[in-house]
Amino acid sequence: MVASRVVPGRGASVGPLRLADVDPPEPPGDGWVRLRPRLAGICGSDLATIDGRSSRYFEPIVSFPFTPGHEVVGDLDDGGRAVLVPVLACAARGVEPPCRQCATGAINRCERVAFGHLEPGLQTGFCADTGGGWSTSLVAHESQLVAVPDGLSDEAAVMVEPTACAVHAAGVVGAVDTVAVLGAGTLGLLTIAALRAGTGAGVGTVVATAKHPVQRRWAVELGADRVVAPGELARAVRAATGSWRLGAQLTGGFDVVVDCVGSAESIAQGLSVVAPGGTVVLVGMPGHTALDLTPLWHRETSVRGCYAYDRADFEAALDLVAAADLGRLVSATYPLDRYPEAVEHAAAAGQRDAVKIAFDLRGERRR
Amino acid sequence: MPRPGFVLEVDGSTPPLLFHSGEGFRLEKLPAGRSRVVYPAEPLAPLDDVDGAIRAALLAPLGDSAPLPDLLHPGMKLTIAFDDVSLPLPKMRRPDIRSRVIEAVLDLAAAAGVDDVHLIAALALHRRMTEDELRHAVGDRVYDAFAPSGALYNHDAEDPDQLAYLGTTDQGEEVEISKRAAESDLLVYVNINIVAMDGGHKSTATGLSSYRSLRHHHNVATLEHSRSFMDRHRSELHHSNWRMGDVLKAAGVKVFQIETTLNNDTFGLEALRGGGPLGMLQKREWEWTARDRAAFVAMQAGLGRLSPKNRRRTFQSWEAPYGVTSVQAGEVDAVHERTLEHVHAQHLVPVEGQTDVLTMGLPYICPYNVHSIMNPILVMCLGLGYFFNLYRGRPLVREGGVLIMTHPTPWEFHPVHHPSYIDFFEQVLADTTDPTEIEARYEKQFAEDEWYRHLYRTSHAYHGVHPFYMWYWGAHALRHLGQVTIVGGDPRAVRRLGFRPATSMADALEMASDVVGREPTITHFHNPPILMADVT
């Protein structure tokens, strides 16, 4: 008997995604400008959305129909280039006074993300009013723009948004002796780079898991001390920490585990190799998950989320992208009319010796 | 009269040759006119009266030793150490020769009124033997008499309270052995000398020692300059053990050495008369009868239907009907000299000149995977450590030549027996395969890992440092050879070892031509049963 299934990335051809000619979004108010995307990346959260794997948690904080794409570098009407900070927080939503989180600069924790004068949408690319990066035109609030220096290529600039996520994660990790990074897709690799760039404020040993040769190569180049297959992680952590074992659980472990995968398996693995009192940081977007939390209780470990970034992270990311030449991680670009191929390529990036796949809008006729 | 080993020149009429390949076999044709096969001797005639030979050896010892009864007296401490599960290979059918010797020693001890007797499995850094394995080695009667009271046990090389430091050799090598053995009035060591490397001073100085002591001869420099391990005078490993033997003697450790030799009847003498399930493996291919060929085809088909686990279990259950060919007892050096005469009589095969390409089939077992899995590191050790070193004079293959081995080399490890092997394979070999670099960068970390230490002491795990020794064992071959290819191995695992995978012997020989040219000489080392090439 042959079982049928929709494989990752195939949602582009069978799911809710389609290429269409639509009216460009209009600026919803003062302070909004038009941004014509040059490159727009395909993110893991985009793939989850296309394949219908996203949590229903998102229902009240997205609005349909929306144009995907939140990793964007584009042209402004004034001739400059800008990277989009896609979070749609109080400033972009016209919410005054800003919520408590935005008031402190923590726009990623905005408490009004579904309110104000915009339709709900946690980010550009998930909001019906703004358009998205996988298009020739979107609108952005001036608070969402970061100017791109002349010397920075489009390929480098499109990496700034995911790098900002990594920079934020490195800040959460802080100064610790040992960190495991689970997953060496774009986010995992950038997290390694951020940990090693000093934004992690002095991390000691970094061990990463990677499934594919291209991921191993990049993980080492970006600063991982050791890269192992996912199934080898527990042994690697045990050896590095002099830990003992109790079944699948290490008695010791690493100070922090950064989960850049977000699956039930990866979170469980994180809990099995994190030290008592340590922290598992969820950077990869998790979903509905069944977990045995007994070890968390018994070992007083923590699981904490790590979503997006603030403006400071973005500024730091811009520097890191330039310093580490992270534009090299853009492996392939596609025109919009080849979007099914692009999405499939992104979903199988590691297997196909690639890291970041992006749409190239620079040659689109309707720009 | 058993026929001696010999060298066959391959010609057009030579049938396909048998290659062991893990839990399976291959039949391979080698090019006529430039290939030869080194065959082992047929099994030597066994002793008719083994128990009589044992008793005679104990009563009329060699060298300057007194007869064993004269060394036994009431109130003394007697320790009997015996070789562990790594010998012989495959295990021998009951009664194991160790049990017969130990019973004879115990009979004399009882007659002399000795009641403080300990029996120790001299396993050094090997895994602890299980109850079944101990029962097989010493016999049920001895096990039941001594194990329940704690007087029969596995040596623990990591128990600081049970080790005695006895000093250093003139070259600074620390000597530390079992405290019970060191403090006994008499240590009786019972050996099975399956190959020329075994026995002599190495028995006590290695089998009952600790990592602190072992590291002085189990290291890259020593093992690379042991050419070969089977030729004691040219073996740094043995020179070091001899020096340690001197320290033992100077410290007052009195050893009564008992060494036994077996013939190479690995797969069953009756096979030569047309019977036995593995009989044809003991025969030369052109002497296979139609019945042998049919049995081989049926065996191959049967093995092909078994799951890997059941295939392994089937092979591991084989018990060889070895015959005992000699028993020697007394002073260590005198005993060992006589033992080597018997070992050489069974194993040595004169071979003229070296070869460009050496081929060998690796069987399912080596000293470190009894009742276990032959993992890739053990494949390397068996091929480059043991088989490569089964020579006297010069290696069978010339410097810069090619070694081709057949083995499936699965990326598979026994999690209980070989935990540090897994880490060695995943971490160390992923980084480098150079023995010197491995020793410098990684050995200490593994040797002192508390978790490995715990598993060695309380479970059935090889010591944390053991995979390093396996790798060092092949250090000379690694330096000597121009290329190593494994036919039929898991390509990923073979590459991790630093070798080249090939799907067929023809492909392997084609690959070899890059190193040794298009018309190389080829020698097939037809082993097991064990042979040792005497290369002139």
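This is a predicted model: local features need pLDDT of at least 70, side-chain atom pairs count only at pLDDT 80 or more; totals for chains, interfaces and linings use all residues.

**An enclosed helix in chain A**

Helix α13 (residues 339-347) of chain A is largely enclosed by the rest of the structure, because seven of its nine residues are buried.

- The buried residues of α13(A) are A:Tyr339, A:Ala342, A:Val343, A:Glu344, A:His345, A:Ala346 and A:Ala347.

**Domains of chain A**

- Chain A is divided into two parts: domain 1 covers 11-148 + 335-360, and domain 2 covers 163-305.
- The centres of domain 1 and domain 2 of chain A, taken over C-alpha atoms, are separated by 28 Å.
- Twelve residues from domain 1 of chain A and 13 residues from domain 2 of chain A take part in the contact between these domains.
- On the side of domain 1 of chain A that touches domain 2 of chain A, helix α2 (residues 44-50) of chain A provides the largest share, with three residues.
- That side of domain 1 of chain A consists of four nonpolar, five polar and three charged residues.

**The sheet of chain A**

- Six strands of chain A form an open sheet with parallel pairing, in the order β8-β7-β6-β11-β12-β13.
- At the edges of this sheet are β8 (226-228) and β13 (302-305) of chain A, each of which pairs on one side only.
- From one strand to the next, the twist averages 20 degrees.
- Within the sheet, strand β6 (residues 178-182) of chain A runs parallel to strand β11 (residues 254-259) of chain A, and four bridges join them.
- A:Ala180 has A:Val257 in β11(A) as its bridge partner.
- Helix α7 (residues 186-196) of chain A packs on the sheet, where it touches β6, β7 (205-209) and β11 of chain A. The direction of α7 makes about 175 degrees with that of β7(A).

**A hairpin in chain B**

- Strand β2 (residues 17-20) and strand β3 (residues 25-28) of chain B pair in the antiparallel sense, over four bridges.
- The bridge partner of B:His20 in β3(B) is B:Phe25.
- These strands, β2(B) and β3(B), form a hairpin with four residues between them. In the turn, B:Gly22 has a positive phi of about 65 degrees.

**Nonpolar cores**

- The largest nonpolar core has 171 residues, and those with the most contacts inside it are B:Ile80, B:Ala81, B:Phe82, B:Ile102, B:Val105, B:Cys381 and B:Ala533.
- Helix α13 (residues 376-387) of chain B contributes the largest share of this core, namely nine residues.
- This core lies between domain 1 (6-39 + 352-535) and domain 2 (50-262) of chain B, because both domains give residues to it.
- Leaving aside its neighbours within four places in sequence, B:Ala533 is in contact with B:Val38, B:Val349, B:Val351, B:Leu390, B:Tyr391 and B:Leu396.
- Another core, of 117 residues, lies apart from the largest one; A:Ala157, A:Val203, A:Leu282 and A:Val343 are among its members.

**Where chains A and B meet**

- Ten residues of chain A are in contact with eight residues of chain B.
- Helix α9 (residues 233-241) of chain A gives the most to the side of chain A that touches chain B, with four residues.
- This side of chain A divides into four nonpolar, two polar and four charged residues.

Terms used:
Residues are numbered from 1 along each chain as its sequence is written. Chains are lettered from A and ligands numbered from 1 in the order in which they are written. Two strands pair if DSSP finds at least two bridges between them. Helices (H or I, at least four residues) and strands (E, at least two) are DSSP runs, numbered from the N terminus. Axes are lines fitted to C-alpha atoms, for helices over the stretch in contact, and angles run from 0 to 180 degrees between N-to-C directions. Two residues are in contact if their C-beta atoms, placed from the backbone, lie within 7 Å. Ala, Val, Leu, Ile, Met, Phe, Trp, Tyr, Cys and Pro count as nonpolar, Asp, Glu, Lys and Arg as charged, and the others, Gly among them, as polar. A nonpolar core is a set of buried Ala, Val, Leu, Ile, Met, Phe, Trp, Tyr and Cys residues joined through C-beta atoms within 7 Å. A residue is buried if 20 or more other C-beta atoms lie within 10 Å of its own, exposed if 12 or fewer, and partly exposed in between; C-beta atoms are placed from the backbone. Domain bounds come from an automatic or database domain assignment.
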